[in-house]
Amino acid sequence: RAGRRRRRPRGGPRRGKPRGAEEDGWDKSLPWKVRVHVAEARHLPKMDVMGTCDAYVRAEVGAQSYLTDVVKNSYTARWASRFTYTCCAAPPPRETLALTLFDQDLLTQDDLIG
């Protein structure tokens, strides 16, 4: 229809830049956070003499390392563990999040599952 203004769809792109944003689009005044939620591991292999697995996860980001609780004697481990990595660098550093699954052993070194 002639003379009618087109409306921007809801949720679409906005014009201008948001408050606090720098020229490159990053707000350098706020710390960067990465939240990690370790939920579960299924179909774990037989690792112990008794035929079960005592699983835990190590989460590593940069120099920071986090461990979940050990779930003993199970083929399906559920943790619901949450970790938060905070960095104040701008722009955020390019670091890798590594999640490693282990089987806990009392007498020998812990076994790597994956």
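In this predicted model, a polar contact of 3.1 Å joins the side chain of Thr52 to the side chain of Asn73. Thr52 belongs to the loop that runs between strand 1 (32-41) and strand 2 (53-61), and the relative accessibility of Thr52 is 15%, so that this residue counts as buried, the cut-off for that class being under 20%. When residues up to four places away in sequence are left aside, the residues touched by Thr52 are Pro45, Lys46 and Met47, together with Asn73, Ser74 and Tyr75.

Attention then turns to the aromatic rings. A pair of aromatic rings is described by the distance of the centres and the angle of the planes. The count of aromatic pairs comes to two. In one of them, the ring centres of Tyr56 and Phe102 are 5.5 Å apart and the planes lie at 20°, so the pair is stacked. This pair links distant parts of the chain, since Tyr56 is in strand 2 and Phe102 is in strand 6 (residues 97-103), 46 residues apart. Tyr56 is buried, with a relative accessible area of 10%, and Phe102, at 10% relative accessibility, also counts as buried.

The rings of Tyr66 and Phe83 have centres 5.0 Å apart and planes at 20°, and this pair is therefore stacked. Because Tyr66 lies in strand 3 (residues 64-67) and Phe83 in strand 5 (residues 77-87), the pair ties together parts that are 17 residues apart in sequence. Phe83 counts as buried, at 10% relative accessibility.

Note on methods. Residues numbered from 1 in each chain as written. Predicted model: local features only at pLDDT ≥ 70, side-chain atom pairs only at ≥ 80, totals over all residues. Heavy atoms only, no water. Helix = DSSP H or I, 4+ residues; strand = E, 2+ residues; numbered from the N terminus. Buried < 20%, exposed > 50% of the residue type's maximum accessible area, 1.4 Å probe, protein only. Polar contact = N/O pair within 3.5 Å; in protein donor to acceptor, adjacent residues only side chain to side chain. Contact = heavy atoms within 4.5 Å. Phe/Tyr/Trp six-rings, centres within 6.5 Å; stacked < 30°, edge-to-face > 60°.
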